[in-house]
Amino acid sequence: IDAFDKYMTAFPDDTIARDLMIDTYINSGRHMGAIEYFKKELARQPGSVEVLGQLAKVALLAGDYDEALRWNLQRVEFETTDDAKAEVFFAIGGMTWSRLFARPDLLGLERVKLADQGLAALAHAARLRPTHQDTFTFLNLLYRERAKSTLNSLVGAADLASAELYRKKY
């Protein structure tokens with residue numbers, strides 16, 4: 001990794017070497033090394049949506065959902081097209097669903113808050129790309145995950161009814 005660092009200092013635009021270095025960081029469990037590299041790149045290329053996307057991806061791989069969310073929210077500010085913004089909002093919804101699906105032990109208000117965060121992102125994505133079927137699929141899935149959060153059967157039933165509406169959308 002030290003050799004990669006030295007090489008990248010001399011040749012910062014070599015994307016092949018960069019990708020190999022990042023893969024090495026990730027495959028060796030040294031996610032912070034990859035994050036530090038991309039933070040330096042962000043200082044070199046302020047507002048780069050590619051760098052912000054990489055930061056979000058590596059943070060998520062490192063298991064830091066909150067940091068991945070922060071980078072994605074910054075990225076959406078710099079995206080220039082509705083389609084690109086929708087893709088970032090869709091990614092936020094997807095990573096939120098993944099977190100909830102992997103954590104059935106997460107209950108109550110914490111689960112609702114997280115689900116609502118993903119639902120809000122997907123609602124933005126749906127407004128920007130109203131025919132994107134995967135967005136509606138994830139809205140359905142997130143409402144189902146949200147329904148698991150409560151002991152109140154009426155609220156859970158309402159969440160499941162909302163999920164069903166999105167399931168039938170396409």
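Predicted model: local features only at pLDDT ≥ 70, side-chain atom pairs only at ≥ 80, totals over all residues.

Me: Is Arg-30 buried, partly exposed or exposed?

Reply: Buried would need under 20% relative accessible area, and exposed would need over 50%. Arg-30 comes in at 44% relative accessibility, so the label is partly exposed.

Me: How far apart in space are Arg-30 and Ala-62, C-alpha to C-alpha?

Reply: In sequence, Arg-30 and Ala-62 are 32 residues apart. In space, their C-alpha to C-alpha distance is 8.6 Å.

Me: On to the helices. Are α5 and α6 roughly parallel or roughly antiparallel to each other?

Reply: α5 covers residues 65-78 and α6 covers residues 82-102, and their axes come within 9 Å. Those axes cross at roughly 170°. Angles over 145 degrees count as roughly antiparallel, so α5 and α6 are roughly antiparallel.

Me: And which hand does the crossing of α5 and α6 have?

Reply: The axes of α5 and α6 cross at roughly 170°. As for the hand, α5 passes α6 in a crossing that is left-handed.

Me: How many nonpolar residues are in the contact of α5 with α6?

Reply: On the α5 side, the contact residues include Leu-69, Leu-73 and Val-76, while α6 brings in Val-88, Phe-89 and Ile-92, among others. By class, the contact has two polar and five charged residues, and the nonpolar count is nine.

Me: Which residue does Glu-79 meet in a salt bridge?

Reply: The structure holds 13 salt bridges, and Glu-79 takes part in one of them at 2.9 Å, N to O. Glu-79 counts as buried, at 11% relative accessibility. Its partner counts as partly exposed at 21%, and that partner is Arg-75.

Me: Where in the chain do Arg-129 and Glu-87 sit?

Reply: Arg-129 forms a salt bridge with Glu-87, with the closest N and O atoms 3.0 Å apart. The pair links distant parts of the chain, 42 residues apart. Arg-129 is in the loop between α7 (108-128) and α8 (133-147), and Glu-87 is in helix α6.

Me: Is Arg-129 buried or exposed?

Reply: The cut-off for buried is under 20% relative accessible area. Glu-87 has 36% and is therefore partly exposed. Arg-129 has 12% relative accessibility, so Arg-129 counts as buried.

Me: What about Lys-148: which residue does Lys-148 form a salt bridge with?

Reply: Lys-148 counts as partly exposed, at 44% relative accessibility. The closest N and O atoms are 2.9 Å apart, and the partner is Glu-145.

Me: Last one: how far is Ala-123 from Ala-86 in space, C-alpha to C-alpha?

Reply: Ala-123 is found in helix α7 and counts as partly exposed, at 27% relative accessibility. Ala-123 and Ala-86 are 37 residues apart in sequence. Their C-alpha to C-alpha distance in space is 9.5 Å.

Definitions and conventions. Residues numbered from 1 in each chain as written. Heavy atoms only, no water. Axes fitted to C-alpha atoms, helices over the stretch in contact; angles between N-to-C directions. Helix = DSSP H or I, 4+ residues; strand = E, 2+ residues; numbered from the N terminus. Parallel < 35°, antiparallel > 145°, perpendicular 65-115°, else oblique. Left-handed = near helix turned anticlockwise from the far one by under 90°. Contact = heavy atoms within 4.5 Å. Nonpolar A, V, L, I, M, F, W, Y, C, P; charged D, E, K, R; others polar. Buried < 20%, exposed > 50% of the residue type's maximum accessible area, 1.4 Å probe, protein only. Salt bridge = Lys/Arg side-chain N within 4 Å of Asp/Glu carboxyl O.
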